[in-house]
Amino acid sequence: GFAGENKMSTPARKRLMRDFKRLQQDPPAGISGAPQDNNIMLWNAVIFGPDDTPWDGGTFKLTLQFSEDYPNKPPSVRFVSRMFHPNINRCYTSTKSYLLEVQAPPLDAIVNLGIFVVSKYAVASEKVYADGSICLDILQNQWSPIYDVAAILTSIQSLLCDPNPNSPANSEAARMFSENKREYNRRVREIVEQSWTAD
Amino acid sequence: MDSEEDMLDANDVESLDDDFYSSGDTAVDSDDADADFEFIDNDSDDSQYTALHRHQQNYTILNEEDIRHRQEEDITRIATVLSISKVATSMLLRYYNWSVSKVHDEWFADEEKVRRAVGLLESPVVHFPNAREVTCGICFETYPCDRLHAAACGHRFCNSCWAGYMSIAINDGPGCLMLRCPDPSCGAAVGQDMINELASGEDKKKYSRYFLRSYIEDNRKTKWCAAPGCDYAVNFIVGSESYDVICHCSYSFCWNCTEEAHRPVDCGTVGKWILKNSAESENINWILANSKPCPKCKRPIEKNQGCMHITCTPPCKFEFCWLCLGVWSEHGERTGGFYACNHYEPAKQEGVSRQKALADLQQMQNVNVSNSPLEKLSDKQCQPESQLKFITEAWLQIVECWRVLKWTYAYGYYLPEHEHAKRQFFELHQCAEKELQIYLNAEGPSMDFNEFRTKLAGLTSVTHNYFENLVRALENGLSDVDSNGACGRTASSKSLGGNSKVRGGRGKGSTSKSSGSSRNLDDSGHWSCEHCTFSNVKSASVCQMGWLQHCDPQNTTLNFLTKSLPGTVDQWQGKYKIK
């Protein structure tokens, strides 16, 4: 059983229990998932690469974070395994901000601060934060409370071989997919192999 | 065309009526109308600013009651014509942004298409056999039949799942007005009738609120009054020339871009100007937060690593301690080494006191406005407040002048007419503020208060005329300006607000506007400017030292304005409400 049995009564938790039961009783092919030991709101899942595709043999790990608004709101889903796919973000963060020197100072700066050199400078700031998240419509604006964990995982699995060019989270992969399919497939096979060894 | 006319909505009907009554056999002379208004105003206690009546009334102000009424009217009318329920009609109207004519056209062009798009199904998509117990499509529990509901499509969900679904949608915002069936393959609309049946009390109220707001926000002909906290809406007849509207709350704004009234500058320029200033202020905030000025050359420095010994970039090359901004040669082991500084603490205090000084200044600026000068004056001079309207009007004119001047800065050039208008404005301001103080601080009623009244009222009127001319000249694209005069638009648009020392007006500008200031030529044929005493040649119509120098050689005009007017424009506008 799970710790905190008295919390069972929320609609979100009841529904998650039911999703889990369904996954165990009637598992769709090529996917599997389960809640973490003491937290039904956080799941680990695995998606197997579809047979007869460059993804074949891959075992890709994901996490699904649910909220009390489930099933009216979708979970946050992200890949833990390294992925190379047009609609899946890479995992890295980077922040950079720097001063640029620009032309004429505006009057307001002069009046308000009495520092007439201040506005010769402009600040540019760049923050890129990507976390293995997935650009999939049913996980954003096309979500429906009818979808369950099985439906989510199945949709992601079919996304692997069927990227959506309209929302490229990984522009390098997107470009390669349309311009250099051979190189793209090579990169896919690379991450397939990596998925076997990663923890 | 006939059907078009039939399908005018509640917002159109009113303007039609206006036209009907105003264009009749009795040709209303606009001058007479103005005279009427002025006459009424002088008698009544309404301190409505008379000049504003001169504009054509091309908009209406609506309160919540009016909005509800019009919305109800539109819905009822369409529901009758199309023979559908009122709930369905409201979904339809919402979809087409409350345009009655659009609904009418689209429906009769292709009803099927419209029904599909809006989600108004005529018959259910699914049929369930009459089982006693049914499974909910969301929670997958089974319930007796009566605990489940469906939209027109027939997809059934239990009441608690519906309540949850609606609650989430409503709390996400006005998108809830276009709520659809939870089934992803189904687009059936979920209307207010279902909300009222299944959602919680709180959610029902929120939905109702969004529904009412939508009539203004999604409607192309109406907008909320831009004043914060004001609940009125403005219905505008698009196609009129001036976008300036004045709400019942006395706030005046441009209906097109909802910024404060910005005649004579156009909306595009205003948008760019505001963007530029806000971007600058963000930069400034960042710089203040993340950098310190070099103690010698004042350039901002961002420190991102290392010890406290900073050397400014050439040509300055000043060496100082980052923490206390003191010269580096005084630092060393005694003061804490390279990574600390025991001078820092006292210096931090100074920073704090600077903040405090700023706060005090703000407070002082507010204090001036909180006491009612009019009440005080009324007491001191033993005059009823209604007789002191001329002061209110003087300030209103000042506020208006302030706004016009502020916006002409966006052009960044100089007009000969500008010069005189400004002088007029400063004179008015001087009289309204400084001389008023005398009467405020007087011990008892003064004999010459009536003289003061005459002077101020006169100044107000003259200033108003000057500014009207200025504004008109700018609106007409400066066709009135001599070619030797202003820099012209192309030059100024490049330096949007950039160059504070604007050049121009050196030519043979219109001397006609320089009435009132006679030029006393000295022996060499020069005249001396009364503001800066610069010796100008006879042929110069305006002082060659330029506009800015005249206010105060040390400061720019905006600086002058922001310092001299106690409080802010908004505070003054709020203070002297137009009843």
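Reply: Two residues are in contact when heavy atoms of theirs lie within 4.5 Å. The model is a predicted one.

Me: Among contacts in chain B between residues at least 6 apart in sequence, what percentage join residues at least 24 apart?
Reply: The count takes in contacts of chain B whose residues are at least 6 apart in sequence. Within that set, the share that joins residues at least 24 apart is 57%.

Me: Which strands of the open sheet in chain A stand at the edges, and why is one side of each left without a neighbour?
Reply: The sheet has 4 strands in the order β1-β2-β3-β4 (chain A), paired in the antiparallel sense. Each edge strand has a single partner strand, so one side of it has no neighbour in the sheet. From one strand to the next the twist averages 25°. The edge strands of chain A are β1 (31-36) and β4 (76-79).

Me: Which residue in β3(A) is the bridge partner of Phe48(A)?
Reply: Strand β2 (residues 39-48) of chain A pairs with strand β3 (residues 59-65) of chain A in the antiparallel sense, over 7 bridges. In β3(A), the bridge partner of Phe48(A) is Thr59(A).

Me: What angle does the direction of helix α3 of chain A make with that of β2(A)?
Reply: Helix α3 (residues 149-161) of chain A packs on the sheet and touches β1, β2, β3 and β4 of chain A. Its direction makes with that of β2(A) an angle of about 35°.

Conventions
Residues are numbered from 1 along each chain as its sequence is written. Chains are lettered from A and ligands numbered from 1 in the order in which they are written. This is a predicted model: local features need pLDDT of at least 70, side-chain atom pairs count only at pLDDT 80 or more; totals for chains, interfaces and linings use all residues. Side-chain values use heavy atoms; hydrogens and water are left out. Two strands pair if DSSP finds at least two bridges between them. Helices (H or I, at least four residues) and strands (E, at least two) are DSSP runs, numbered from the N terminus. Axes are lines fitted to C-alpha atoms, for helices over the stretch in contact, and angles run from 0 to 180 degrees between N-to-C directions.
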